[in-house]
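Try each task before reading its solution.

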Amino acid sequence: QVLLVESGGGLVQAGGSLRLSCVASARTFSNYAMGWFRQAPGKEREFVAAIIWSGGTTVYADSVKGRFTISGDNAKKTVYVQMNSLKPGDTAVYYCASYRGGSVGSTYSVGYWGQGTQVTVSS
């Protein structure tokens with residue numbers, strides 16, 4: 001049973017752009033916040049960006065500020081992340097996250113995870 005459906009990953013050259021999408025089901029959609037994490041080989045899963053629906057607040061990791069933009073449509077239970085000026089260091093599996101509460105920067109705050117989509121940035 002797929003709970004969060006991600007799409008949009010792929011291979012891109014450094015400096016290029018990709019847009020990831022995530023569609024949640026009625027059961028897995030969070031009325032609190034939705035976001036993205038990523039995990040590179042041999043590294044821990046790290047926070048990328050989140051949107052807190054109340055007030056439309058967006059939060060970003062320092063490493064992606066100014067390059068990534070998160071957006072979403074509450075009614076469509078969909079969240080996006082537009083990734084520009086991609087670097088080889090952005091290469092990772094990107095996971096959609098549905099939060100149950102707490103700090104959006106913590107994996108412990110996530111109630112549901114997507115299956116992950118690979119983003120590869122070549123130099």
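**Exercise 1: The fold**

The chain has zero helices and 11 strands; helices (H or I, at least four residues) and strands (E, at least two) are DSSP runs, numbered from the N terminus. This is a predicted model: local features need pLDDT of at least 70, side-chain atom pairs count only at pLDDT 80 or more, and totals for chains, interfaces and linings use all residues. Residues are numbered from 1 along each chain as its sequence is written, and side-chain values use heavy atoms, leaving out hydrogens and water.

Task: find how much of the chain is buried.

Solution. Step one: set the cut-off. Buried means under 20% relative accessible area, exposed over 50%, partly exposed in between (1.4 Å probe, protein chains only). Step two: apply it. Buried residues make up 43% of the 123 residues.

**Exercise 2: Tyr 94**

Solution. Step one: locate the residue. Step two: check the area.

Solution. Step two: list partners. Among them are Glu 6, Trp 36, Arg 38, Phe 68 and Val 119. Step three: look at Arg 38. A polar contact of 2.9 Å links its side chain to that of Tyr 94. Such a contact is a pair of N or O atoms within 3.5 Å; within protein, one must be able to donate a hydrogen and the other to accept it, and residues adjacent in sequence count only if both atoms are side-chain atoms.

Terms used
Contact = heavy atoms within 4.5 Å. Lists of a residue's contacts leave out its neighbours within four places in sequence.
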